[in-house]
Amino acid sequence: MSALAARTGAINLGQGFPDVDGPPSVVAAAVEALRHGANQYAPGTGIAGLRAAISRHQQRHYGLEVDPDTQIVVTTGCTEGIAAALLGLVNAGEEVVVLEPYYDSYAAMIEMCGAVRRPVTLQAPDYRLDIAALRAATGPRTRALLLNTPHNPTGTVLTRAELQAVAELAIEHDLIVITDEVYEHLVFDDHEHVPLATLPGMWERTLTLSSAGKSYSFTGWKIGWASGPAPLVQAVLAAKQWLTFTSGSPLQPAIAYALDHEPHWPMELARTLQSRRDLLVAGLAQAGLPARVPEGTYFATTDVSHLGWADGKSFCLALPERAGVVAIPNQAFYDDQDAGRHLIRWAFCKEPDLIAEGVRRLAAADLGA
């Protein structure tokens, strides 16, 4: 869809990357690292300075005491973290319970492990976690739960009560939980991100994944991390060494600088994203495309079934010519095709003028099949 946007000159309200880079001071730190020799292989676990900064981040925000030497590994973005976690921890024939709609790398990596995907659907329009469905999907062959909160693409932020139910299930079945928390700081209104690892009994069985890409608007730098008990982190490292071996050397000291010296920048980003969310959601409603107000992330979802299209993909393929706008069909993120067939994802991590022009085009267009 992004290629379609580039080819047609349409406004890309689909793909989740921001229009504006993160803090200039962090870019300067990367340039400084490039100029002063940080251009060869970094240690596979990540440079000591970044691991220490991640440890301080976890303690500062969540009260988690994480040993930077044994309980953190730097990854090439959270996507590699997901891949290495699944390859390192899940065996062929075992089952992984995953919330759907899901980030598409989840399905690919579970398949590459030879494991079996057991999706639990966050049902429209509320997209809340169905605990009974989660329990029904968990069985004797379940090895891990793969949890994403704040959730892409629905914008749901799991509540403490929902997470407590996940924790009880994981403890009861002795499961590993892999948590994708890349949007940890991008939550809105009065919603709160609660890392699962902070709940009683969960530290020892939770591998927490995150990234600077979303929090600091450097998605192309691909610097992420995994943290948790040493045996789980070691499993990630064991797989990572056969994937990328190591991650962007001059970018690691820059992200360490960001975590230590720009700690409030992600909260300011969340504040501006909330206003952009409101602009997009209001504009979509005026265009006849009402969306659920997301609690976090970059994304809002619209159901287009009332417009008469066979599915969201056909709607999105027609949209650039109809309206000069690109969106993403959510059905690619579902096993349950009926649940996702007519759902569309919009991204609001764009400049306000671009969002305003996009929704103006949508309101002026004939969007019926």
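1. Asp 278 is partly exposed, with a relative accessible area of 39%; this class lies between buried (under 20% relative accessible area) and exposed (over 50%), judged with a 1.4 Å probe and protein chains only. Its partner is Arg 277, and the closest N and O atoms of this salt bridge are 2.9 Å apart. A salt bridge here is a side-chain nitrogen of Lys or Arg within 4 Å of a carboxyl oxygen of Asp or Glu. Arg 277, at 2% relative accessibility, counts as buried.

2. The model is predicted: local features need pLDDT of at least 70, side-chain atom pairs count only at pLDDT 80 or more, and totals for chains, interfaces and linings use all residues. Residues are numbered from 1 along each chain as its sequence is written, and side-chain values use heavy atoms, with hydrogens and water left out.

3. By the salt-bridge rule the count comes to 18. Side chains of opposite charge can pair when their charged atoms come close.

4. Because Glu 172 lies in helix α7 (residues 160-173) and Arg 135 in helix α6 (residues 131-137), the pair ties together parts that are 37 residues apart in sequence. Helices are DSSP runs (H or I, at least four residues), as are strands (E, at least two), numbered from the N terminus. Glu 172 is exposed, at 51%, whereas Arg 135 is partly exposed, at 36%.

5. Arg 160 forms a salt bridge with Glu 192, the closest N and O atoms lying 3.5 Å apart. This pair links distant parts of the chain, since Arg 160 belongs to helix α7 and Glu 192 to the loop between β6 (176-180) and β7 (206-211), 32 residues apart. Both are partly exposed: Arg 160 at 44% and Glu 192 at 47%.

6. Which charged residue is buried yet has no salt bridge? Lys 214, found in helix α8 (residues 212-215), is such a case, and the nearest side chain of opposite charge, Asp 180, is 7.9 Å away. Leaving aside residues up to four places away in sequence, Lys 214 touches Gly 16, Val 182, Tyr 183, Leu 186, Thr 219, Leu 269 and Tyr 298; contact means heavy atoms within 4.5 Å.

Conventions:
Lys, Arg positive; Asp, Glu negative; His and termini not counted.
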